[in-house]
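Please look over the sequence and the model below.

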Amino acid sequence: MKVLLAGANGYIGTRLIPVLLEKGHSVVCLVRDKRRFHEQNDYSDRVTLLTGDLLKEESIEAIPQDIDAAYYLVHSMAQAADFAALEALSSHNFAQALNQTNCKQVIYLSGIVNDTGLSSHLLSRRHVEDVLKECKAAITVLRAAIIVGSGSSSFEIIRDLTEKLPIMTVPRWVNTKCQPIAIRDVLGYLEGVLLNEKAFDKTFDIGGPDILSFKQMMLVYAKVRKLKRYIITIPFLSPKISSYWLYFVTSTSYSLAQSLVDSMKNETIMKDHDIDNVVKRDCLGYEEALQLAFKKIEQNSIVSSWKDALNNGYLTSGFMDQIKVPQNGTLEYKVKQPFSRDGAEVLKNIMAIGGSRGWYYWDWIWSIRGFLDKLFGGVGSRRGRTSNINVSPGDVIDFWRVLLADKINRRLLLYAEMKLPGEAWLEFKIIERNGRTFLSQVATFRPRGLWGRMYWYLMWPFHLFIFKGMAKRIVNFGEVHG
């Protein structure tokens, strides 16, 4: 079958592609930037790529007429006032483009909406279901609650809270019930309903066998990790305070924290099990899903992560156009560190920067900078990185975003997502000149107004020590002396 996938670079889409390829399907991916897809995926030469920003109807390339089925895996957890309108526009443009083809089925992954007084995000998911009915093709909707898997937002937040806090004072929403489902089972259902006529024009709830409160989910996590944790519920914490609490304790952004707190007031439990008549599946329990996630983390084989979703603003669909650092109106701090060891080892150190490896020098300063960024509403430094080994354009490294990770030309370029009075880039490159090898490390800052320039010069003494020390540690880290 020829299958179209919208949201191919997302958390679910990235994992669904190899499942479809393994079944022998021909996969067409609708992406905003083909370059990012090529950089991130080993199977990019096995799929057909179409370019299109679903918020801009005119940008969508013509979809092949002979598409058999399509997956719509596009959604937002942004807290912007108009996010619901943007989600509706995106799904409308998708439906109109798909109506020009012979597509027989559209499959949409939504959220369980069986409770009353739904959050704005769950209401938006349900509205997208209605908009997609504009498609001439039959629609199949799968509604899921919390998805548990390495790199999923829910798993990472539970992990952050439970690993870091022996004693937790938590808001009352931790007693809300939900029915978590393993990412493996979500993918199984998505593939199982594909061109299955029993699923045409039907909506199904999907979930694992366990119904748990968020509090129970954290305690089960602690049990699996052999941690002693104590949770005290405080009933009077407002949603705003709850959002700030989640924001400061975990690696989530404030907008995502708001969205999660807003949605956590709703129970997300399956109303029926009609899906069993269409796709027979023994789903993993919550504890089994956790164990599988831990295994992926230990093996450094996390396929995708919610943290790598692009932010609004500078890093939008054309963020890879910024791989050339601007020269005009910028300030720079350069370090050129010579070394004599194998360049491949130094390149490994460059590509492993951040996350659990740290920044090689004065990590405590980086931690303080991350904490200050959180105080001012930024992303902070708790995001870490998806893989300790591999890095691709679009990936997150603490409060930086990877613009370029070029192993052939031995270059890594990062863009700062922290709160700054300007824009900042950090570039690492191995160069050879006059028979000698150097690590070139360049920090570039484009200030915004007078305060931007003042900020740069106030930070200059720190740059003097940090960047020189970092360059020396990068070229020497892991070197074995006889």
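The chain has 13 helices and 19 strands. Helices (H or I, at least four residues) and strands (E, at least two) are DSSP runs, numbered from the N terminus. The model is predicted, so local features need pLDDT of at least 70 and side-chain atom pairs count only at pLDDT 80 or more, while totals for chains, interfaces and linings use all residues. Residues are numbered from 1 along each chain as its sequence is written, and side-chain values use heavy atoms, with hydrogens and water left out.

**The whole chain**

The C-alpha atoms fill a box of roughly 70 × 55 × 50 Å, taken along the principal axes. For 482 residues, a compact globule would have a radius of gyration near 23 Å, and the chain agrees with this because its own value is 23 Å. The radius of gyration is taken over C-alpha atoms, and the globule rule is 2.2 Å times the number of residues to the power 0.38. Of the 482 residues, 56% count as buried. Buried means under 20% relative accessible area, exposed means over 50%, and partly exposed lies in between (1.4 Å probe, protein chains only). Among contacts with a separation of 6 or more, 74% are between residues 24 or more positions apart. A contact means heavy atoms within 4.5 Å.

**Two helix pairs**

The table gives the packing of two pairs of helices. Axes are lines fitted to C-alpha atoms, for helices over the stretch in contact, and angles run from 0 to 180 degrees between N-to-C directions.

| Helices | Angle | Distance between axes |
|---|---|---|
| α3 (residues 83-98) and α4 (residues 120-132) | about 20 degrees | 9 Å |
| α5 (residues 153-164) and α10 (residues 286-298) | about 85 degrees | 12 Å |

Helix α3 is therefore roughly parallel to α4. Angles under 35 degrees count as roughly parallel, over 145 as roughly antiparallel, 65 to 115 as roughly perpendicular and the rest as oblique. The crossing of α3 and α4 is right-handed, which means that the near helix is turned clockwise from the far one by less than a right angle. In α3, the residues that meet α4 include F83, E87 and H92, and their partners in α4 include S120, R125 and L132. The residues of this contact of α3 with α4 divide into eight nonpolar, six polar and two charged. Here Ala, Val, Leu, Ile, Met, Phe, Trp, Tyr, Cys and Pro count as nonpolar, Asp, Glu, Lys and Arg as charged, and the others, Gly among them, as polar.

With its angle of about 85 degrees to α10, α5 is roughly perpendicular to α10. F155, I158 and R159 in α5 meet Y286, L290, A293, F294 and I297 in α10. The contact of α5 with α10 has seven nonpolar, no polar and one charged residues.

**Single residues**

Most residues other than glycine have a negative phi. L195, which is not a glycine, has a positive phi of about 50 degrees. L195 is in the loop between α6 (183-192) and β11 (202-206). Y360, also not a glycine, has a positive phi of about 70 degrees, and the loop between α11 (343-351) and α12 (363-375) holds Y360.

Is Y360 buried or exposed? Its relative accessibility is 6%, so Y360 counts as buried.

M351 lies in helix α11 and is buried, with a relative accessible area of 3%. M351 and N390 are 39 residues apart in sequence, but 7.3 Å apart in space, C-alpha to C-alpha.
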